[in-house]
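I opened my notebook to record what I looked up here. The entries follow in the order I made them.

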Amino acid sequence: MPRIPSDLAVADLSGKLAVVTGASDGIGLTIATRLAAAGAEVLMPVRNARKGKAAISTLRTAVPGARVGLRALDLSSLDSVAALAEVLHGEGRPIHLLVNNAGVMTPPDRQTTVDGFELQFGTNHLGHVALVARLLPLLRAGQARVTSQISVSANRNSINWQDLNWERSYNGQHAYSQSKIALGLFGLELDRRSRAAGWGITSNLSHPGVAPTSLLAARPELGRGRDTLGVRLIRVLSARGILLGTPESAGRPAVVAASDPGARGGSFYGPSGPGHLGGPPAEQKLYSRLTNAAEAERVWEVSQELAKVTFP
């Protein structure tokens with residue numbers, strides 16, 4: 001499979017409108033910065049306006065003159081997703097790139113979204129399903145590339161079809177895997193449906209490897225009062241250049257998947273180093289959990305029902 005140079009020259013994106021979820025820090029901010037540097041106008045839908053404004057300041061320092069704006073979005077609320085879609089439809093501008101990057105990871109105790117879904121499944125997966133469905137006319141108008149950010153965790157565990165909301169026996173890591181497997185299957189099915197129906201959208205997947213981000217850091221709102229041992233170890237290894245990536249390098253596979261003219265629909269990009277934990281981005285073989293077309297179709301149908309959206 002083709003390897004992308006580590007300096008990652010990004011194609012000219014002048015005149016393109018990109019929407020990047022979870023861009024207020026970490027990998028998402030790296031992705032937004034790379035796309036802005038290539039000339040795209042970047043919209044950053046964020047839950048925390050204060051963090052969003054700080055992120056824009058950081059981005060503009062890195063890319064003077066960048067065209068970037070904030071919009072309000074809480075992916076754990078289907079009403080918030082609908083409200084953002086209404087705003088963007090009111091603006092009436094075609095969307096050329098959508099990066100479904102935002103996510104939450106392994107709250108120690110089971111939490112739910114405002115709609116009653118297990119927090120990781122509702123935020124990481126169903127929120128993005130609802131976003132794609134509600135933005136579909138704008139994505140079609142822009143002949144968009146949709147890139148969904150999954151995780152190395154999608155190569156473990158499975159979808160808990162008997163208890164999608166983990167009400168009977170919560171396991172945070174397994175629930176996180178489920179959310180990323182489901183998002184990956186949805187992204188692949190979106191590409192198949194687009195080709196079959198002529199929507200003009202290409203959809204692919206990326207994963208960042210492992211890097212020190214806020215996902216495992218102290219998050220009081222998730223019930224995690226201090227950094228996990230895992231994220232402390234990740235920081236040490238990343239700083240020493242051992243196996244793992246950095247927030248900068250971890251954003252590169254999504255940038256390639258979203259912007260490279262040669263990136264194909266239905267393809268999968270991640271780091272090319274040992275264990276695919278770090279290193280330059282490259283196209284990779286789909287995880288075994290993402291290869292079952294019947295499972296993808298099941299995810300597609302169930303997700304529409306749960307997210308209260310309908311694709312044509």
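**Entry: H4 and H9.** I began with how H4 packs on H9 in this predicted model. Their axes are 9 Å apart, at an angle of about 90°. Angles of 65 to 115 degrees count as roughly perpendicular, so H4 is roughly perpendicular to H9. Next I listed the residues that make the contact. H4 brings Phe121, His125, Leu126, Val129 and Ala130. H9 brings Val299, Ser303, Leu306 and Ala307. I sorted them by class and got seven nonpolar, two polar and no charged residues.

**Entry: H4 and H5.** I then turned to H5. How do the axes of H4 and H5 cross? They come within 7 Å of each other and cross at roughly 15°. Under 35 degrees counts as roughly parallel, and H4 and H5 are therefore roughly parallel to each other. I noted the crossing as right-handed. On the H4 side, the contact is made by Gln120, Phe121, Asn124, His125, His128, Val129 and Val132. On the H5 side I found a list that includes Gly172, Tyr176, Lys180, Leu183, Phe186 and Leu190. This contact divides into nine nonpolar, seven polar and one charged residue.

**Entry: the core.** I asked which residues have the most contacts inside the largest nonpolar core. They are Leu139 and Phe311, in a core of 53 residues. Strand E1 (17-20) and helices H3 (78-91), H4 (119-141), H5 (172-197) and H9 (293-307) each supply at least two of its residues. H4 gives the most, with eleven residues.

**Entry: Phe311.** I looked up the contacts of phenylalanine 311, leaving aside neighbours within four places in sequence. Val129, Val132, Ala133 and Leu136 are among them. I also wrote down Phe186, Leu190, Trp199, Trp300 and Gln304.

**Entry: Leu98.** My last stop was leucine 98, in strand E4 (residues 97-100). Is leucine 98 buried or exposed? I found 0% relative accessibility, so leucine 98 counts as buried. Beyond four places in sequence, leucine 98 is in contact with Val19, Leu131, Val132, Leu139, Arg145, Val146 and Thr147. I also checked leucine 98 against threonine 21. The two are 77 residues apart in sequence, and their C-alpha atoms are 8.2 Å apart in space.

How values were computed
Residues numbered from 1 in each chain as written. Predicted model: local features only at pLDDT ≥ 70, side-chain atom pairs only at ≥ 80, totals over all residues. Heavy atoms only, no water. Helix = DSSP H or I, 4+ residues; strand = E, 2+ residues; numbered from the N terminus. Buried < 20%, exposed > 50% of the residue type's maximum accessible area, 1.4 Å probe, protein only. Contact = heavy atoms within 4.5 Å. Core = buried A, V, L, I, M, F, W, Y, C linked by side-chain atoms within 4.5 Å. Axes fitted to C-alpha atoms, helices over the stretch in contact; angles between N-to-C directions. Parallel < 35°, antiparallel > 145°, perpendicular 65-115°, else oblique. Left-handed = near helix turned anticlockwise from the far one by under 90°. Nonpolar A, V, L, I, M, F, W, Y, C, P; charged D, E, K, R; others polar.
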